[in-house]
Amino acid sequence: MTDHNDTSSNHLPASVQEPIANPGLPAHLPRPTDVDPKAERRAERQVAAFFVASMICAVLFCVAYFTLDIKDETDTFIGLGASNVALGATLGLALMFIGIGVIHWARKLMGDVEIFEMRHPASSSEEDRDTTLAALSAGLEESGIARRPLIRNTMLGAMGMLGLPLIVGLRDLGTLPGKTLERTVWAEGTRIVRDVTGTPVKPSQLEVGDLMNAQPEGLVTLHSEELIAEGEERGVEYLEGVDLQVEKSKASVILLRMEPKDLTFSDRSPENWQIDGIVAYSKICTHVGCPISLNEQQSHHLLCPCHQSTFDLADGGRVVFGPAARPLPQLPLTVKDGYLVAQSDFREPVGPSYWERDSK
Amino acid sequence: MSTSENVGGSVASTNGKTAASAKKPGRGSKVVGWADERLGLATAAKKNLRKVFPDHWSFMLGEIALWSFVVLLISGVFLTFWFKPSMAEVQYFGSYSQLNGMHMSEAFASTLDISFDVRGGLMVRQMHHWAAMLFIAAMLVHMMRVFLTGAFRKPREVNWIIGGILILLGIVEGFAGYSLPDDLLSGTGMRIADGLVKATPVVGTYMSFFMFGGEFPGDDIIPRLYMAHILLIPGLILALIAAHMLLLVYHKHTQWPGPGRTEENVVGFPMLPVYMAKAGGFFFIVFGMSALMGGLLTINPVWKYGPYDPSKVTAGSQPDWYMGIAEGTLRIMPGWETHLFGHTLSWNIFLPGQVIPIVLLLMVLSWPFLEAWVTGDKREHHLLQRPRNAPGRTAFLAAMITLYGLLWAAGGNDVLAVLFHLNLNHITYFMRGAVFVIPILVFFLTKRWCISLQRHDNDKLLHGYETGIIMRSAEGGYTERHLPISEESAYTLTARDRDEVFVPGSGVDANGVASKDGKLDGIRGKLSTTLFADNIQKPTAEELEEAHHHADDEHAHEIEAGLDHSADGHQFDGRHPVDEEALRGKH
Amino acid sequence: MRLLNRPLNRVAGRLSRHRRRPVAGLLVMLLGLFFTGALYAAFAPANAEKESTTDEAKIAQGRELFLVGCSFCHGANGEGMTSQTGQLGPSLVGVGAAAVDFQVGTGRMPMAQPGQQAAVKDKLYTDDEVEALSAYVASLGPGPSIPSKDEYSLDKEIAEGVKNGMTDDEARNAAIVRGGQLFLANCSACHNFEGSGGAMPWGKNAPSLRKTSDKHIYEAMLTGPQQMDVFSNGNIAPEDKAAIIAYLNSIEENPGYGGFGLGGLGPVSEGMFAWLLGIGGLVGFAYWIAAHSTRSEKSEHTEGNQA
């Protein structure tokens, strides 16, 4: 310790620096198990008992594995899945008992006298360092890297250039964005259908205060064969797999019916985009893209469950709270053949912001 | 086996029985001999088998992280037997009837199969998830211990950085694993990740498209994450853990100061057998704890979330706890966005999603260098500091933990609102201010608290500890007896360095060498003042001597005054031999 | 010891394709048909004459109760009242009997005090009185009536399915699967993935659905109480509402496959358990591992002597 304190000892004499001298390691005191053969044997039995308990648990694990059913006839135990609980408990205890046994052994019976080791500085000795430096400079000298800048520079250039294939080779990780982020499957005359069931919607079916989670026709998986047959006759394309997921993550909408007098119209939300107080908004949050449908019927405020951005749906989807920066895009509605349909696609990109968003 | 006598070498007896009993050590050395002739391990092993490790509970926190990583490897291998990292659409006809016939990705269907059709599958899945939470939590607690005790100081700065990178990798690894089942919550998480990536200026959209193999969600992300989750990141983590441990062995473990413990030695128990048993036993305990949690506590019930569908969402959409601070910053950020020359820059996402986490990480990683620069200390440190003896540093950590906790709470503001009947919006408004104000308050409070603890230590050194024995003087006044603490305790309290405040322009650095005034000396001086100026230094030998004299004088006084007392308590003053030595305790 | 009293009871704790035998299915179906018929008989227009007399008495009784308990906020004729600070009580004309049955039947109304959201309390009226109040409010204007059991149970749909050649369980399961999807599309955003409830702006919340009766869940969808949106029959068809309710019941009946549920609140409570139980427990073990064990008073010489 004293070597290291020589910096401070410039200011204070050593005796002042260390008011109390290091008394050295205290004497070792034996444990009961060191001096009492009875205690020693007891500890020995305890450790063995833990190991035996572990064995029992391991056997019980196997018993539980083969006797407790999962799948259709799940056995239960106080309302919990019996297999899961039993397997976890027996395996956990089997492991824990080994751990506890071993540690108990170490604490009670293994050598208990503290020993010490001397440290050495992290750095190598001066001599080693000098030898290394000498070897290094000799090696560099023999290579002539300092004397031959032409070789050195072209080599560095060649290695740097290797970065290009590395980056270029990643090009096919994905397609280029193109214009896909600005388009959804909504188009003039696309029917709005109920999410999940896929049935089309008549304006009269909605009461004031209704909220419907909806999709463009073709983006629903659970509807009946007749619906699909009927839709395909009208030329609707039913998507599945990755196409379905990609389009759903842009095209999902919510449909609300409010008192027409509650609505505020603006350039963003002109009067002819709604039908008797029925409005449709993108369900994809403009913050980072969570689907949002936590609507408050009386205040018309729509809350995102991910980061709590709140939008006023009676006022063109204006942001009233939270981290979102842009209002929710509105889908212009009209009626065709008695059913609600879109007038067109959204007039702006839906979902989260991106760099090129404004240059559409 | 018969050749073992020769290898054993030591016993050459004519007595067959003796030779047989000598076989035992012989067999061991035979194996060692075989291996050493090929691998030459004995040289390395001779030093390390009995390597000394000091004993303290806080030195085992890193072990929790290490062992839970091993649990993750074991349980993860089990899961790979059944998990299918594919986003191909399949129809589910497994045992969970509520999703019967549903279309979903193969990844989600195979997760359901692991949970419902593989015995023990759900238990191992949950164990894997719990162990992941423990892994990152243990790394954080370990890091806090290292920070609080100053164990990151020279020569361990590199290990500090490796540790910081390990935490970052652990979090990325956890997020990748959380996303693999392709359930509603993990899909929502990916959706948010997509939003974060897209907010990157200039290249964000391209990054998103290259990440997802096209437009979100695409069908590439899960196979790619799977590769990262089971190969790339665990490989990196494993390599860094190896480096971390090698450096630990090379530097030898730090230790608390105390009698016989110095900067030059390390006192503790040998690797073989004590630490082998303790650390090995702890592995079984960590493994057992993960199994118990996996068996008894539901985590991530993906069957209730259902397969990912970009149009569905659930209240309480949260990431795992370690993503909580990113979630919190995202939630409390005001909606700032700049539109410039036809381009959108989303500060509301870019700042909390990318800039702030990186700044926080860099701040943490650079602390050892910052502190060394301020103190100008170039020495090696192997003795730990008590948190109170580095008030500035302890206060900084307390402030950071507070900030972390606040952001964490902000990330769960909806759950807090429901549980404690609070107003969601008020929590958000409160947090927007609190993250700036409260950490600063906590910094100063913690610093003052540490300093008063230091003062308390000095009181104990100078005036002894409070015995709880109340004395009444002849005049009727009451005083409490103070008794000196034991020599061991007194030494332990004084085994620390004196802090020196750097004064800019003094022209002399900590080593007493004349230094040229640096441009940053002003800042360095200010930082040094904040960190060290108010600290209480340990008493000098003279002060200690004087205090003891003073105490003795006082005693002499009182003894004279109270001679007629039969028992006045002076016999407990520690300077007179008494029977009840036990009273002195271990102060 | 409850644990011992209820040892591993082999219960197929959920709806399974194998649980019911065909005979049982037939029985259930017959019973279902019988009850449907009985209910139909009870409420059919054939009894209109008798109904109208009882109705008039009920309406009169309801009006009495209304004047005492509700008119302070909703006005003497349920026309609603507006105070200086805003609406005191909305108009009840056209809200229908279902709304009254929900609000009064769950104890939300009468409110103890005006506030953001009417809290669930013990209900103040007997079933009979709730019925009378509902009848009175229904008489103020046409609105949704109190649903009958066959509207919020799957009986009808299962009967339909059986007719189309499905087994009873197949029909039930198909409805539950659809109900699950409808629940996640329409309800979980506010009420959470297993109906534990969630936060709404400005101190309001979407309540937990776990203890709400089937009828009240149905009525809530139908009428959209307070800030909740309406899911009228034109929006979500009655059989789809019944499917949602059946899904909720079925996940409630499921055993806790993975062990204790931790409140069904998702990752936040999981993180809390990881820290408190996991890290807390392991740090406890670490403390034990490193703690110094007891020391003996005897000196070590004794040991030497023995050896």
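**Two chains, one predicted model**

Buried residues make up 47% of the 587 residues in chain B, where buried describes a residue with 20 or more other C-beta atoms, placed from the backbone, within 10 Å of its own. This is a predicted model, in which local features need pLDDT of at least 70 and side-chain atom pairs count only at pLDDT 80 or more, while totals for chains, interfaces and linings use all residues. Residues are numbered from 1 along each chain as its sequence is written, and chains are lettered from A and ligands numbered from 1 in the order in which they are written.

Q: How many residues of chain B are in contact with chain A?
A: Two residues are in contact if their C-beta atoms, placed from the backbone, lie within 7 Å. On the chain A side, 89 residues take part, and the count for chain B is 110.

Q: Which helix gives the most to the side of chain B that touches chain A?
A: Helices here are DSSP runs of H or I with at least four residues, strands are E runs of at least two, and both are numbered from the N terminus. The top contributor spans residues 271–296 of chain B and gives 16 residues: helix H12.

Q: How many charged residues are on the side of chain B that touches chain A?
A: Asp, Glu, Lys and Arg count as charged; Ala, Val, Leu, Ile, Met, Phe, Trp, Tyr, Cys and Pro as nonpolar; and the others, Gly among them, as polar. This side holds 47 nonpolar and 38 polar residues, and its charged residues number 25.

Q: How many Å apart are the C-alpha centres of domain 1 and domain 2 of chain B?
A: Domain bounds come from an automatic or database domain assignment. In chain B, domain 1 covers 4–48 and domain 2 covers 63–256 + 285–330 + 346–375. Their C-alpha centres are separated by 48 Å.

Definitions and conventions. Buried ≥ 20, exposed ≤ 12 C-beta atoms within 10 Å, placed from the backbone.
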